[in-house]
Amino acid sequence: MAIRKILTVPNPVLKQVSKPVAAVDDDVRALMDDMLETMYAAPGIGLAAIQIGEPLRIIVMDIADKDEEPAPRYFVNPEILDDVEEVRPWEEGCLSVPDYFEEVERPEKVKIRYLNYHGEEVVEWATDLYAVCIQHEMDHLNGVLFIDHLSRLKRQRAIRKVQKAEREKAMENAE
Ligand code: NI
């Protein structure tokens, strides 16, 4: 396993639409292992393959509480089959938009279908944080970031904040 570099805004790779995975084989599992390790190291609770520059429809997630055992989840070719009219605001963040948090409204429940780590099909309803996280990550597969749900002003502010932080980090490293 290896920790990979997480791309941040405004990297244009993040706007790419990811491609379906043909089969859940050892190469795909190795990628998912790297993604999980990268996500835990960040630390974060969800990561899409495109965030490490791999344009494939793959997501890893772990939404267990800090005092609980790790509970990694893997999603290959996830699809939303159904949702509900009720929406709920939730404060979201993203490893590709570090240190920026803002409320986004999404359907509070979604029915999803995906292949798991073993290539088995799973169909289930996601609720609460699970629903928020899977919708956020599935947006990544379509080149959409959570800041794309915000006003243009807020989106520009978020991108400038990330760019400024990265310039400062680069300067510190150069000293
Ligand atoms: Ni994200």
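In these legends Ala, Val, Leu, Ile, Met, Phe, Trp, Tyr, Cys and Pro count as nonpolar, Asp, Glu, Lys and Arg as charged, and the others, Gly among them, as polar. The model is predicted: local features need pLDDT of at least 70, side-chain atom pairs count only at pLDDT 80 or more, and totals for chains, interfaces and linings use all residues. Residues are numbered from 1 along each chain as its sequence is written, and side-chain values use heavy atoms, with hydrogens and water left out.

**View 1. Lining of the second largest pocket.** A pocket is an open set of points on a 1 Å grid over the protein atoms alone, with protein on both sides within 12 Å along at least five of seven lines; lining residues have an atom within 4 Å of a point. The lining consists of four nonpolar, one polar and five charged residues. Its members are Lys5, Ile6, Thr8, Pro98, Asp99, Lys161, Val162, Ala165, Glu166 and Lys169. S5 and helix H3 (152–174) are the elements that give two or more residues to this lining. H3 gives the most, with five residues. Helices (H or I, at least four residues) and strands (E, at least two) are DSSP runs, numbered from the N terminus. The volume of this second largest pocket is about 210 Å³, where a volume is the space filled by probe spheres set on grid points joined across faces, edges and corners.

**View 2. The largest pocket.** This pocket has a volume of about 860 Å³. Of the 30 residues that line it, Pro43, Gly44, Ile45, Gly46 and Leu95 lie nearest its centre. At least two lining residues come from each of strand S4 (87–94), strand S5 (97–107) and helix H2 (128–141). By class, the lining has 16 nonpolar, five polar and nine charged residues.

**View 3. The largest cavity.** A cavity is a set of grid points where a 1.4 Å probe fits but cannot get out. Searching the whole structure gives one cavity of 30 Å³ or more. The largest cavity holds about 60 Å³ of space. Arg88, Trp90, Glu92, Val104, Arg106, Pro107, Glu108, Asp128, Ala131 and Val132 line it. S4, S5 and H2 are the elements that give two or more residues to this lining. Five of the lining residues are nonpolar, none is polar and five are charged.

**View 4. Cys94 and Cys133.** The structure has zero disulfides, a disulfide being a pair of cysteine sulfur atoms within 2.5 Å. The closest cysteine sulfur to that of Cys133 is in Cys94, 9.9 Å away, which is too far for a bond. Cys133 is buried, at 5% relative accessibility. Cys94 is also buried, at 11%. Buried means under 20% relative accessible area (1.4 Å probe, protein chains only).

**View 5. The open five-stranded sheet.** The strand order is S1-S2-S3-S6-S7, with antiparallel pairing; two strands pair if DSSP finds at least two bridges between them. Strand S1 (46–48) and strand S7 (121–127) are at the edges and have a single partner strand each, so one side of each is left without a neighbour in the sheet.

**View 6. Bridges within the sheet.** S2 (residues 58–61) and S3 (residues 73–83) are joined by four bridges, and Ile59 has Phe75 in S3 as its bridge partner. Five bridges join S3 to S6, with Asp83 opposite Val110 in S6. Between S6 (residues 109–115) and S7 there are seven bridges, and Arg113 stands opposite Val123 in S7.

Conventions:
Buried means under 20% relative accessible area, exposed over 50%, partly exposed in between (1.4 Å probe, protein chains only).
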